[in-house]
Amino acid sequence: MGLFARVRKEWFIIGIVLVITCAKLAPSVGVKGGPLRPEITITYVAVSVIFFNSGLSLKTEELASALMHVKLHFFVQTFTLVFFPIAIWLLLKVLALTAINEWLLRGLQTVACMPPPVSSAVILTKSVGGNEAAAIFNSAFGSFLGIVVTPLLLLVFLGSSSSVPFTSIFSQLFMTVVVPLIVGQVCRRFLRECLDRRKPPFGTVSSVVLLMIIYTTFCDTFSNPNIELDHLSLLLVVFIIFSIQLSFMSLIFFLSTRKSSGFTAADSVAIMFCATHKSLTLDPAGKHPSALH
């Protein structure tokens with residue numbers, strides 16, 4: 001395989017490296033209030049584009065079928081909102097005995113209490129041919145569920161109460177997830193033949209939008225003057241996060257691919273990305289450097 005072909009095949013991975021590098025070199029471009037206005041272009045426009053894109057590309061029958069897959073939804077939400085925070089809490093009891101920065105550990109626990117990601121799980125599931133409809137439902141449902149569950153988890157595991165602006169977050173999720181999805185489905189009814197004939201690059205569009213989200217997220221991280229961490233603690237946390245993700249994804253793969261599970265290969269992909277990834281939508285402290293998103 002030639003260099004050009006390799007770059008074309010791995011363009012998304014290369015894109016992630018490039019956007020993180022750009023964010024490090026010029027973080028002021030993508031921070032909140034900066035030229036890109038991510039508080040509007042990302043929070044509202046980009047997420048809306050992702051779910052409109054999904055609504056346009058998915059058959060209504062697929063969405064209806066995913067909605068009725070109660071076993072899958074129960075598995076995902078239980079894993080991400082019950083097993084995940086408890087497992088991290090137990091791990092942090094051990095890590096607290098080390099020299100790792102205390103606030104990094106608290107950041108890990110905070111992120112562990114967050115709901116599934118709103119957009120990235122859908123895009124990653126779609127990119128590898130997983131059950132996109134199931135990923136959409138669990139991303140949306142988990143986010144709405146997190147409005148109530150996440151503050152309770154933070155109170156239990158960190159002993160800190162946090163006020164969640166229920167109305168504003170609920171309306172934001174509804175307008176950026178539910179409405180675009182419905183609009184996409186309505187448009188599909190009129191454009192079905194054209195879409196089936198031309199086969200637009202829905203996956204590529206969603207991946208490009210995800211790169212924008214990654215870029216602005218790292219811009220916020222690199223421009224935060226309050227993040228003062230020793231390099232050893234930071235490297236250790238990166239290793240810990242990698243180990244957690246690898247362990248949890250391996251566990252999900254084992255549980256969801258057993259014959260007795262009743263899940264298809266496409267279901268397993270959706271479960272893996274929805275149950276092991278976390279969103280910072282409800283993070284009361286903003287962007288944590290230990291985010292698992």
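View 1. Cys 113 counts as buried because its relative accessibility is 0%, where buried means under 20% relative accessible area, exposed over 50% and partly exposed in between, with a 1.4 Å probe and protein chains only. The structure is a predicted model in which local features need pLDDT of at least 70 and side-chain atom pairs count only at pLDDT 80 or more, whereas totals for chains, interfaces and linings use all residues. Residues are numbered from 1 along each chain as its sequence is written, and side-chain values use heavy atoms, with hydrogens and water left out. The structure holds zero disulfides, a disulfide being a pair of cysteine sulfur atoms within 2.5 Å. Cys 113 is accordingly in no disulfide, and the nearest cysteine sulfur, that of Cys 274, is 19 Å away.

View 2. With a relative accessible area of 26%, Cys 187 is partly exposed.

View 3. Helix H8 covers residues 132-158, helices being DSSP runs of H or I with at least four residues, numbered from the N terminus. Its 27 residues place the end C-alpha atoms only 34 Å apart, short of the 39 Å that a straight helix would reach at 1.5 Å a residue, the expected span being 1.5 Å times one less than the number of residues. H8 bends by about 50 degrees at Gly 146, the bend being the angle between axes fitted to the seven residues ending there and the seven starting there. After H8 comes Gly 159, with a positive phi near 70 degrees.

**View 4. The packing of H5 against H8.** Helix H5 (residues 70-95) packs with H8 at an angle of about 30 degrees, and their axes are 10 Å apart; axes are lines fitted to C-alpha atoms over the stretch in contact, and angles run from 0 to 180 degrees between N-to-C directions. Among the residues making the contact are Leu 72, Leu 81 and Trp 89 of H5, together with Phe 137, Leu 145 and Phe 157 of H8, contact meaning heavy atoms within 4.5 Å.

**View 5. Two loop residues with positive phi.** Arg 37, although not a glycine, has a positive phi of about 50 degrees, and lies in the loop between helix H2 (11-25) and helix H3 (38-57). Lys 199, also not a glycine, has a positive phi of about 50 degrees, and is found in the loop between helix H9 (166-198) and helix H10 (202-222). Arg 37 is partly exposed at 42% relative accessible area, whereas Lys 199 is exposed at 64%.
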